Structure formats: structure tokens, C-alpha cells
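Here's a quick briefing to read alongside the model.

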Amino acid sequence: MSHLFSYDFRYDDNVYETETSLKQEEVEESIGRIYYKLVDPHTIVNGGEIDDSGHRLLRIKHEQFVRDALHGLSSGFAVLDASQPWLAFWSLNSLDIMGCDIDPQLRQRAVNTMKQFQAENGGFCGGSRQLPHMAGSFASIMTLVLVGDDETYKVIDREAMYRWMMTMKQPDGSFSMHTGGEVDVRGIYCAMVIASLLNIMTPELIASSADFISRCQTCEGGIGPYPGVEAHGGYTMCGLAALEILGKTDVLNLGRLARWMSSRQLAFEGGFSGRTNKLVDGCYSHWVGGAFALLQKALKRSQSDGYLYDRAALQRYVLACCQDGRMGGLRDKPGKSSDLYHTLYCLSGLSLSQHYMGVNPKELISDNTSVYSVPARMMQWDAMPMGTEILGLRSNMVKPVHPVYGVSLVPLAKCIKYFYSLPPLVVSLV
Amino acid sequence: MRVEGSEDVCEAAPLSQQEEWRDVTPIPQDDGKHPICPIAYTDDYREMMDYLRAVMAKEEISERALELTGRVIQANPGHYTVWVYRKRLVEELNADIAGELNWVSSISAMYPKNYQLWHHREALIVRLLDPKQATEGQSETELLRHPVIRRELQFLDNAINEDSKNFHAWSYRQWLVSTYNIWEQELIFVNTMINEDVRNNSAWNQRYFVILQGRNPAQVELDSELVSGEIVYTVENIKFAPNNESPWSYIIGLLLRHAPGKLYTDLLPKIQTLANNKDYSLAMTTTQFYWSALVDIYEQQARELPEQGKALLEKAQSICHNLAIEHDPMHGKYWEFRSTSLSV
């Protein structure tokens, strides 16, 4: 069905124009031009079908784009001076997902760079000598996971990390992003990811967090940053992934969530928007598209039931509309320039739509809310056999990524194995 | 690679040549050996940061430090560490809050998508107008005349005019409205925004927030008349353009949570009337949102009227089938699922 090209799938504004419908029309126009060129002329008599056989992931271009960034960024990037661990994570994870080589020298440089970000009293900062930050800690630790081995994991002072995270913890279950900083679902996601990887998940750390996330589910069905605020793709992924770590996805109204997530895939574009009546953006291929693997498990659907979205249509959007063929890298939508953020999340969304990520039902762990079952539950996730669906050239296939952590499985397993072989952390909380 | 909005704003002489800064030894950024993704800072930015690190290291509380944080934030408003320091400086120097607010507003205009400045703003407003005192002694009408509140609402009007779905601006509005209990004006504002663009989902979300007055939905029982009023309002807005997800999503979500029975006693007849009206029937019967609403409605009806349960679920199933193959094939997988998940 998704192969059919038809202007009928465009947004019907009922001949009533508003700002939203005009912007939507503009985007459909530019995407329509791209898809129209892909229509196989032999099928015009039947209404026209899109020929997807030629889609090619421009690996060499994207790799060069990322390697240039690893080498150095222009002065304009000073606006990301407090997001330095993110620059590293977006770059290295993009390389890893594409299967590009990360040589020992680059690994060492990455480790050295992350070291500079670690704060004396725990946590990682957005840059050296800044304040520790939840998101900076997430990005630094995930970068170390990507390039790490047992030697480099030692860089992380997990006891200090734990103590610092406890100082960010709020009585309602949420986390502050930094001292005196904003509070939202991102903080819980970062904390749960870090704690589950470093083997520092304690009942105190996770107390009330699932409840906070459930209060962020809006009546539309998606998840917002904190109670009351509009549902949004980024927070939805964060909330759902955090609940998967906690083993508590059932605190959500999953039917409404499924409805909202499914609705984010746009009928004509094939890509996802981040909110109701907003425009398509390549990054939501990850934040919403990627969350369908989590939704699938939460709904206890089997692999043969299939994901609740159109995987081919999403891949078409990423491959045909989000690649910057001139500069390399991937982007929000045609007409925008590529950047590291969109490069990673387009690739990650592509990966999660190419591979069916799931848990073998025979191995499903039933004791799913115990903090002790976390490493085993997280490592159950795998690319299921016969679950691959590649649009375009076979060589477009990228590495499978873990739907909770967003990185490939081998480095993740290595990291979990290391930290869970360490003796339990003894910290005095008071 | 380039990022927008990073033009340097400084025209003054380098700090190293200024008498005022002679006593400070700058602390250079230590990125370690051969870092990845190093940023080629301009000399000006690098110098500002070197001096800022130095004054922060000794926790200096001074006018010059305050000014320096301002320059850094202007160049990079995402620098949360500098914001935290600035907040402390403003407090301890007893700086002019109104002036600070003006300054934050000017930054907001340049960087509408920044997190920190909204957070900073909240703290300033609380200092200017103590919420406890303000809400205890004054009615909403009186509060709306208060210059601080008037100014904030004006500021937000501008931000939302600039970008009608600005996530931060709407969130900040929620904070302002619930902190100072100014709910009535907010409903008027929401109506205006929905009138301007009936597809603005941020406005519809705000409507729910106002109806609940910021309370936890799980603990709120909504007045029956109020809910019926919302149904009328929503259906009136569906008329403008039935193929608009926002009002459907709003009313179905609201009713499922707070008054599921009204789905079939109140909403159903209204949308069916519309679907049978020749002016609306085409638009209604071709939009997936109408059919999708019927699925939710019949499922609820089946729950409450067990004697008709089987027939209603079959109706819902057949609608799901039609949605999957005709009205909304892109979401075919979802409609298959919805059909199998129907339950009483």
C-alpha cells in the first residue's frame, strides 16, 4: 500500500486555510516533487507506484561529514559550547551505526575528551569546568560506552555519579537537569539509563519516577515534559524508554499512546512529526519511529503482528528526503541543512525501522520491576531473525540499535557486563 | 559547518587590555590532549570564557562579573552554568530586577527556543511579585492590572505571535497562569488562539490545562455542564475543518478520562447530525478522525450497554477495517491493532 504514489494522501484542509495548513502544504509540495520523480512510469496507468529499488544511503558522504566534525568545528558552534558531550555522542554514534571504523586513536581521543567533562563531585558537564548536567552525563557516558573497554569504564566515578544524581532527585520522582535547572522527563530518562548501565539503580533513585512519567501522559496519549504540557515526540521516547527500564510501561494508557504515536506518521510524507498538527522532521524517525519497538513489547505484541507503523514509508522519507547529497549528513526536511543531531537521529530511526528489535518470548523475564532484573531484561533486546526490512539497496542496512539506549548492542553488552561484575555500590545516602 | 545566530556582539576592547580586569588571571579551557569535536572559538568568545572561568573559580560577586555573564549568554544562551552564576549574581548584588527582565526579554527575541532564559525569567517574576501575597489579597481582575502580570502576558503574546506553537512559551504560560491563578483570562486567550488557527494543537492542549485548572486529572471530577459545554465548543470548531486532528484528539481524550458516558449520549448525536448535514457530510465522512472517533465511541457504548455490546463492537470493527483499507491506509497496521484491541 505504501508504494502507491497519490496526491490523495496529502493533507485535506477542507478548503479552510490556516497557518498550520499553509505550512503543511508547503512541505508536502517539496516532498511531492521528490517522490514524484521516483514514480515508475510503467505504473502510471494504475495511478503510479513509487520505485524504491534505487534508494541509496550515502555512507561515504555522511562519514566524511561526521569525520570533519570530529576533527574540528567552526566558531559558530560556540552556541553548543555547553553541549560538547553531545557533539561527541552524535558523531561517534553516527559512525558506529553506519559501521564505520572507530580506530584506537580516535577511541583514545574520545576517552580523553570525556575525562575533561567529569565533575569532581560527580556527573559530567557540558564542557570542562562547567556544572554537571543530566543530559551531559548521558551523552558522556554513552560516548564512553561506544568507545570503551574495561580500562576506560574506570574513568567513570560511579559512586560520585550516584551521589550527584541523588542530589538532582525531586520528591515527585523527577530529576533536575542540573543544580537550579529545569525539571522534566528527560532527566528521568538520563538517570535511568545511567543507573541501569553503571549498576547503581537503587530503590531510592527510582522512587516515584514511574508515577511522574504517567502523570506526563496527556489526554491525547503522548507524553509531555511535565504534567500539563503538550505531548511531544522527544519526551514520549524518554518516558517510554525510562518505563521500560523500570519495568513499568503498564502505568501508561497504552491504547491512547499507540493512537497518538501512530498518528505522528504523516500519510503523504511517511516521516514523523513530533506533535499533533506539526510538520514532519527527520529526527522524529528516532524519537517516535524508534519508540514503536518499545510500544510493541509494552503491548505484548509478537513479531508476527508487526510494528504499528509503516516501516517502508519511514525509510523512504529518511533516504529520499533527509540526505544532504552535497554536504553529507542528514537533515530535518528538504531545504534544511544537515547537522550532527539530525544525522544521528535519522540514522538511528532508519536502523530501528530496518530491524525488528524485540525480546524472544521464550526468554521474557517476568519479574520485571525488580532492580536486580534490569541488566538481564535490557540484554534480552535483540534484532529478531527474519525481522529485517530494507528499503532500496541491500547495502543500506545499518547496525541494529537498542531501542532503550539508542546504541548498538555489542558495546552495550560489554559495558553492562563490566559494571554488573563489580561489587554492589555502598553509599551512605544521608 | 555553521550554526545560525552566533554573530559576535562585542565591540569593546579585549579584556586583557582593560584596566578593570588587570587583577584577574584568565583560566584557559582545558580540553585535554587532541580533543574530538573541538570548537574553533573566536578570540573574543575564548577570552570571555577564560575570564569568566577565573571569576567563577573564586566565586566573585561583582558588577563586572554580571556584565561578563551577560556578554557570554548573548553569544551562547545555552550556557546553563553561566545562567546559574548570573542568577546568583543578580540576587547577591541586589541588581535591578526590572532591568534584568528587560535584558532577558531581549535575549528571548534572539533565541526563542532556549530553555534557560525561561527558567531565569520565572525566578525573576517570583521576586518581583510574591505569588502567595499576590493571590491571597487580590482578585484576578486586580491581578491582571498589576504591571508585572500585564507585562508578562504581553511578552508571551509577542512570543506566541512570533511562533504560535513555541513549546517553551506555552509551558511558561502554564507556570504563570497557575502560579498567579489567572485562569479566566487564559480561557479567553485560548479561544483567541483557536480562532486564529483552529489547528494549533498547543492551544487545544492549553484548553485542557485551563479546564482542569492545572490539577491532577486523576483527582478531578469535572462538572457535567462544563463537559457538555466543551463538547458544543469542540463540535463548533470541527465544523470549520473536520479533517483537523486537534479538536478530535482533545474531545475524545477529555471524555475518555472524565466523562466516558457522554461519548455516546452527547458527542455521538452531534457528530452524526453533522455527518448527515449536506454542508458537512463530505468533509466528515472522508476524514479518518470522524471514523476514528466512532470507534472510540462505540467501544465505550458497548461497555455501558452490554445488551447491544456485540453489535456495537462489530460496527467498530468494520469501521477499523474501512479505515485500514480506505480512509487511512498509511496507518493500516494501527487500525488492524485497534480492531483486535476492542474490548468491553
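In chain A, the C-alpha centres of domain 1 and domain 2 sit 36 Å apart. Domain 1 covers 1-51, while domain 2 is built from 65-266 + 355-421; the bounds come from an automatic or database domain assignment. Bear in mind that this is a predicted model, where local features need pLDDT of at least 70, side-chain atom pairs count only at pLDDT 80 or more, and totals for chains, interfaces and linings use all residues. Residues are numbered from 1 along each chain as its sequence is written, with chains lettered from A and ligands numbered from 1 in the order in which they are written.

**Annotation on chain A**
- UniProt, in an unreviewed entry, puts "domain: Prenyltransferase alpha-alpha toroid" at residues 57-406 of chain A (positions use the numbering here, feature names are shortened, and annotations may be inferred rather than shown by experiment).
- That stretch, residues 57-406 of chain A, is 47% helix and 1% strand (DSSP runs numbered from the N terminus: H or I of at least four residues for helices, E of at least two for strands).
- The end C-alpha atoms of residues 57-406 of chain A are 19 Å apart.

**Helix pair in chain A**
- Helices α3 (residues 84-97) and α4 (residues 104-117) of chain A pack at about 155°, axes 10 Å apart (axes are lines fitted to C-alpha atoms over the stretch in contact, and angles run from 0 to 180 degrees between N-to-C directions).
- That makes α3(A) roughly antiparallel to α4(A) (angles over 145 degrees count as roughly antiparallel, under 35 as roughly parallel, 65 to 115 as roughly perpendicular and the rest as oblique).
- On the α3(A) side, A:Gln84, A:Pro85, A:Ala88 and A:Leu92 meet A:Ala110, A:Thr113, A:Met114 and A:Phe117 of α4(A) (contact means C-beta atoms, placed from the backbone, within 7 Å).
- By class, the residues of this α3(A)–α4(A) contact are 6 nonpolar, 2 polar and no charged (Ala, Val, Leu, Ile, Met, Phe, Trp, Tyr, Cys and Pro are nonpolar, Asp, Glu, Lys and Arg charged, and the others, Gly among them, polar).

**Helix pair in chain B**
- The axes of α3(B) and α5(B) (residues 116-128) come within 10 Å and cross at roughly 15°.
- These two helices, α3(B) and α5(B), are therefore roughly parallel.
- B:Tyr80, B:Trp83 and B:Lys87 of α3(B) make the contact with B:Gln116, B:His120 and B:Ala123 of α5(B).

**Where the chains meet**
- Chain B gives 67 residues to the contact and chain A gives 72 residues.
- On the side of chain B that touches chain A, α13(B) supplies the largest share, 6 residues.

How values were computed:
Contact = placed C-beta atoms within 7 Å.
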